[in-house]
Amino acid sequence: MTAPIETGAPSQRERLKAIIGGSTGNLVEWYDWYAYAAFTLYFAPHFFPSQDRTAQLLSAAGIFAVGFLMRPIGAWIMGVYADRHGRKSGLTLSVALMCAGSLLIAMTPGYETIGVAAPLLLVLARLMQGLSIGGEYGASATYLSEMAGRNRRGFFSSFQYVTLIAGQLVAICVLLLLQATLSEAQLDAWGWRIPFFIGGALAVVVFWLRRGLAETESFAVAKAEGAPKSGFVELLTKHPRETVTVMLLTAGGTIAFYAYSIYMQKFLVNTSGLSREAASQINAVTLFVFMLLQPVAGALSDRIGRKPLMIGFGVMGVLCTYPIFATLAVTKDPVVAGLLVMAGLVIVTGYTSINAVVKAELFPAHIRALGVALPYALANTMFGGTAELVALWFKQAGMEQAFYIYVSVMIAISLVVYVRMKDTAKTSLIRED
């Protein structure tokens with residue numbers, strides 16, 4: 001047996017530098033991913049000609065869901081890659097794929113120009129982005145959790161969702177800027193392509209930034225000690241309980257997050273009857289506040305544990321999701337709508353702020369990136385990626401309220417897991433101090 005090696009823990013300054021560097025790349029990755037959702041209302045007619053807005057949105061949401069099908073594959077391939085070759089290598093590869101997908105969307109002609117090839121190329125771009133984001137979550141969650149240090153792990157790892165939300169927020173802000181500077185006709189005709197060009201360019205910058213990141217001590221120790229190789233069989237045979245736990249704790253959280261953030265913009269326009277501009281403004285303001293709440297809740301978990309926050313999300317999510325959506329459906333006042341959306345996002349914070357560190361703390365270093373990424377991606381594909389599709393299907397079928405019930409039931413399933421699982425703040429397998 002190889003003797004354990006002595007490694008010095010990084011200083012607080014080194015930790016901060018690595019976390020900022022990793023988070024910046026995460027922001028750009030998620031900006032590219034969310035730009036699709038933010039601009040769906042504008043580009044959907046170019047790829048899916050139809051007189052029915054709901055039908056167009058349903059088609060675009062279907063491709064959004066298709067992108068999620070690649071996330072488990074990306075989580076598997078790049079999770080193993082990050083476990084075997086380093087977190088930094090996995091992060092660099094994922095952003096290169098995201099760049100290619102964004103540029104393909106930006107340059108693809110519309111249906112009137114190239115016919116069915118247009119939606120097919122859109123599918124290809126989303127598959128590439130799905131592969132990228134599938135690996136990004138596991139690599140970034142693992143990297144931030146391993147670099148954070150024991151006493152502030154909840155706080156620092158919360159920046160994984162800070163930058164995830166920031167990426168979405170930047171996409172919304174780009175939308176608001178274009179709405180303010182371009183006419184409706186210009187934005188409908190060609191302005192929607194601008195955010196994808198921006199995303200591709202930023203991804204190139206992040207690619208070089210990530211090449212300069214420091215590797216984590218946890219990965220270095222596991223490699224030096226000759227730990228078993230990461231892989232699908234190793235994950236299922238040696239860590240089946242943890243794998244199932246990650247899937248089930250993710251299910252309710254991810255569908256709630258997508259319902260209140262990604263789908264909400266469409267819901268406010270298509271159901272509440274608010275203007276596209278008002279819906280975008282509500283989305284931007286509530287997401288900004290939501291983003292600021294993440295490190296606050298993460299720091300709280302360092303003091304009281306992870307479990308109370310997750311249980312709080314579960315209980316409030318079950319009790320409040322139906323009333324919030326049902327009230328939003330008949331609300332015409334943008335201020336009231338914003339407050340209701342914000343209430344939902346405050347509840348979801350109990351999951352989003354700490355979900356990355358909870359998953360990372362469940363696995364040993366040699367399989368941590370795969371253990372975090374793959375079961376999360378599977379749950380995200382089944383429930384998060386299909387949230388819009390299911391919601392719009394229920395609406396088209398005249399049963400929109402069934403979606404509110406569906407979200408509540410999924411949160412209830414996750415709540416059972418939160419109640420039964422141990423508090424990972426006390427049982428963490430991350431070895432760094």
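1. Three helices each contribute at least two residues to the lining of the largest pocket: H13 (240-260), H21 (401-420) and H22 (424-427). Among these, H13 provides the largest share of the lining, namely 5 residues.

2. The largest pocket holds about 460 Å³ of space. Its lining consists of 15 residues, and those nearest the centre of the pocket are Arg241, Thr245, Leu362, Met421 and Lys422. Sorted by class, the lining of this pocket comprises 7 nonpolar, 3 polar and 5 charged residues.

3. Rolling a probe the size of a water molecule over the atoms shows where empty space is left. When the whole structure is searched, 1 cavity of 30 Å³ or more is found. The volume of the largest cavity is about 50 Å³.

4. Which residues line the largest cavity? They are Tyr34, Ala37, Ala38, Gln168, Ala171, Ile172, Ser261, Ile262, Gln265, Lys266 and Asn283. Helix H1 (12-38), helix H8 (159-181) and helix H14 (262-270) are the elements that give two or more residues to this lining. By class, the cavity lining has 6 nonpolar, 4 polar and 1 charged residues.

5. Is serine 414 buried or exposed? Serine 414 is buried because its relative accessible area is 0%, which falls under the 20% cut-off for a buried residue.

6. The surroundings of serine 414 may also be described. Leaving aside residues up to four places away in sequence, serine 414 touches Leu248, Leu249, Thr250, Ala251, Gly252 and Gly253. Alanine 326 lies 88 residues from serine 414 along the chain, and the C-alpha atoms of the two residues are separated by 22 Å.

7. A remark on confidence concludes this note. The protein chain has a mean pLDDT of 86, and 94% of its residues reach 70 or more. Over residues 1-7, however, the pLDDT is below 50. Beyond near neighbours in sequence, that stretch has 8 contacts in the model. Where pLDDT is low, the predicted coordinates should not be read in detail.

Notes: Residues numbered from 1 in each chain as written. Predicted model: local features only at pLDDT ≥ 70, side-chain atom pairs only at ≥ 80, totals over all residues. Heavy atoms only, no water. 1 Å grid on protein atoms, 1.4 Å probe; cavity = no way out; pocket = protein on both sides within 12 Å on 5 of 7 lines; lining within 4 Å. Points joined across faces, edges and corners; volume = space filled by probe spheres on them. Helix = DSSP H or I, 4+ residues; strand = E, 2+ residues; numbered from the N terminus. Nonpolar A, V, L, I, M, F, W, Y, C, P; charged D, E, K, R; others polar. Buried < 20%, exposed > 50% of the residue type's maximum accessible area, 1.4 Å probe, protein only. Contact = heavy atoms within 4.5 Å. pLDDT = per-residue confidence, 0-100.
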